[in-house]
Amino acid sequence: MMETKYLIIGSSHAALEALRAIRQADRDGSMTMLTRDGHMPYSPTILPYVVSGRSAPDRAILRDETFFAANGCAFVGNATAVGLDAKGKTVALADGRSWRYDKLLIATGAAPAIPPVPGLDGSVPFHVLRSLDDAMSLRNAMGAARRAVVLGGGLVGLHAAENLAEAGLAVSVVEMRPHVLPGYFDAKASGRIEAAFTEHGVKLFLGRTVVAVDAPDGRSCTVRLDDGGAIEADLLLVATGVKPVADWLSGSGVAVDRGVLVDDTMRTNLPDVWAAGDVAQAKDFHSGTQALIGIIPTAVEQGRLAGMDMAGDSYLKPYAGGVPINTYRFFGRVALSIGQAAADGCGEVAEQEGGGYRRVVLADGRLVGYASVDEPFDVGIMGELIRRRVDLSGCKEDFLSRPLETGRRLMSEGWR
Amino acid sequence: MGTAFDTIAFKASACDGCGKCMTACAEAKQGASRISIVSGAGEGRFELSLCRQCGDPKCAMVCPAGALAKDEASGVIRWDANQCVDCLLCTAGCSFGGISVDSHTARVAKCDQCDGDPACVKACPTGALEWVTAGSVFKKYGDREDMFVPGLSGCQGCNSELIMRHAMRKIGRNAVLATPPGCIPGMGSVGYNGKTGTKVPVFHPLLTNTASMLAGIRRYYDRIGRKDIVVMALAGDGGTSDCGFHAVSGAAERGEKVLYVCVDNEGYMNTGMQRSSTTPFGSWTSTTPVGEHMRGKTQDAKNLPLIMVAHKCAYVATASTGYMEDLYAKLDKAVEASFRGFSYLHIYSPCPTGWRIPSSKVIEACRMSVDSNFVTLWEYTREGGLRFTRSPDRPIPIRDYVKLLGKYRHLDEAQLDHIQARVDEQVALLRMMAAEPVAAE
Ligand SMILES: Cc1cc2nc3c(=O)[nH]c(=O)nc-3n(C[C@H](O)[C@H](O)[C@H](O)COP(=O)(O)OP(=O)(O)OC[C@H]3O[C@@H](n4cnc5c(N)ncnc54)[C@H](O)[C@@H]3O)c2cc1C
């Protein structure tokens, strides 16, 4: 049995930020980071660039051995957590080893959610994109394939579809909902993105569900849609969403809804057990209820709070709640979204369409959401205005006509 | 000791929105300007958006590509163009618009401080942008030996303690120090029970004879051929401008080779906050109380450093802990001049206890005193005459400064006008002495 004061399961954004926060308050407490991955830490967000070849796999690494040595943290790869005994304060690994901890952080993130479609139970080979190994295998498969089908028009699906199209494949994307990137963008914004994909030869099947996938010859496959249509492919990527990696906690007593339920300092219902990042179901800024928001900024913020609380840092301030953020590049263009940018009926909507498109959503004279296509803005500034609920009633006209300037001005005035 | 870095500071009150900084930046970087000046809340007001080179950079923390990191030597958040995958997540991390899309390249761009020589600052004609090198000062001297014992019993947030520790850290062990009665010895620097509170020879003269005793000590060192000892005083304003003045004036007139540092907290704070001749008009002190009839001090402060100029000292300067790089530069010159003649350094020092300000606001008070021209920063040499070391142009109203201080809480409009008028008068006189044109209005 190995022992450590701080045990962190996972090695991505939430985990790395927790490490940093712990070390800020506790220089010497022993620390161990376990991850089921075989590589040094990297971000899942880099993977589309690994697929395209823009980032070499070894350049995708965020922290090396020197970093862990300097920070007094043991890094253990190929270590898959399979069980938690919260009474005995131990985590069991797949290889039979176990670790005893004083304080535990669950930062196991999320993994692809595979829809219950006949054929996707393992009988038809398909790709997913969440780990470096996934990315390298997709990159390898890409070379030999001619026709690809991507299930899911979310961030992961669209990134991959672009990669595949740029690599010369004939690509089809099937999305259940009427538009791509639902939740982040309204129909007009999504429309611009969809048009770009269509221009680049990508076929979009919107509002369509897959009813079955079969592969009679075991190599190429047929994707069957609910309208009776069928698409042939020799490369299938499933990107229909993710789900928190919390199965290993079953029976441990940790409360799990869709993700691990946490309070405003990322504590679970069990003593000395915290959770942060994509695995956690934490407060949503807009609704105040616990929700899943699987993005880097929330993973980082939650990781920081968890680390501070674990180390007893007195500067800890409770979580204000996660705000959805999407910074998306497609074919060299820019689409950005923050907050309730796609919402209808939650306030006053101001849309502006010219060379670029922007959509500003206000409620009670305060910003609640902002999205744009082909017109970059300062996402972080708009995020602050949303989170601080800055009253814009005194400068509303300025804000709507010149949001970038006015946002910069407000932040400069308020925080010199 | 931690780290500190040089920085580009912005003084909104001095910015006229000319945009020269942006042009200079765009030219230097061959792309979009990294600095952006935007219209402020009112007519003729401007605001700034620029990378603040955060100590805790959120742009770097949310970067999935390892493309952003704080440079440990310069403090600049470096952007690595080869690592960057253009995902723009960093723009979601920054609350100030410090990293944003450069439309020329469709990539992010941010300020790199031009490797310590920022083009925007050089192009700024009004002084609204300033390259502040206090960080370098801190790094250079922060690890030097502190010449005072830890745990001096100064009040919380004492600015005079800051001055003592900074000054002696810079001057070092080769010094003989006089600390006449006042806060400085009072907080324990002369010591207890036969032990001194400093690591240099220190003594406690009378209020009246500090400068005379130092003169004797210097003459003795001259006689035995020790040319390397700084003979100096850390004295209060009372001990310098009132009870000790004849000795100071005499030593200056004789050209004694002494460094005399006056730490001016505008009164006898150590003994219960009585007024001194440097206490400004309107101040509450325990001997100029505020009540039904009295409204604080009724006379103006004596401008002691100007009086020292009239002595034609080898060096006279004023300084403030609000502007450390300026203070340090003057300490260097003052020490050097003290081997040639009388060297006088007047350091303004807000007193949290006696002035009724929270200790967290002391440095802000220092800065605002300078920014309002209540305190002017200048130096004088016989060869070069009087010269401002910070521009007195575009001052903030005196009202903004005094409202920070509890000792002025009772001031009425007439008193405020009086103070403003005296400050303007003082600056006009100094400008004349500095042979600078007096402002038109
Ligand atoms: C292709 C793609 C593109 C994306 N683009 C964006 C984007 O543009 N913007 C954005 O904000 N977000 C994006 N995301 C999401 C973002 O990457 C995640 O929100 C973020 O990585 C969450 O970090 P995390 O630390 O919570 O978990 P993860 O990054 O999921 O990491 C989980 C860690 O836990 C480890 N682990 C899992 N299970 C176990 C176990 N049982 N035992 C031990 N270790 C385990 C894993 O090996 C991994 O190290 C994207 C994701 C993908 C896949």
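## Salt bridges and polar contacts between the chains

Between chain B and chain A there are 2 salt bridges, a salt bridge being a side-chain nitrogen of Lys or Arg within 4 Å of a carboxyl oxygen of Asp or Glu. B:Asp56 forms a salt bridge with A:Arg20, and the closest N and O atoms of this pair are 3.0 Å apart.

## Basis of the model

This is a predicted model, in which local features need pLDDT of at least 70 and side-chain atom pairs count only at pLDDT 80 or more, while totals for chains, interfaces and linings use all residues. Residues are numbered from 1 along each chain as its sequence is written, chains are lettered from A and ligands numbered from 1 in the order in which they are written, and side-chain values use heavy atoms, with hydrogens and water left out.

## The interface as a whole

In total, 36 residues of chain B are in contact with 34 residues of chain A, contact meaning heavy atoms within 4.5 Å. The two chains bury about 3100 Å² between them, 53% of it on carbon and sulfur atoms, where buried area is the accessible area (1.4 Å probe) that two parts lose on being put together, summed over both. B:Met61, B:Pro64 and B:Val85 supply 17% of the area that chain B buries against chain A, which is more than any other three residues.

## The ligand

The ligand lies between chains A and B, and 32 residues surround it, the closest being A:Ser12, A:Ala81, A:Arg130, A:Asp278 and A:Ile296; a residue counts as near if one of its heavy atoms lies within 4 Å. A polar side-chain atom of A:Ser12 is 2.6 Å from an oxygen atom of the ligand.

## A salt bridge within chain A

Over all chains, the count comes to 58 salt bridges. One of them joins the side chains of A:Asp374 and A:Arg333, at 2.8 Å from N to O.

Terms used
A polar contact is a pair of N or O atoms within 3.5 Å; within protein, one must be able to donate a hydrogen and the other to accept it, and residues adjacent in sequence count only if both atoms are side-chain atoms.
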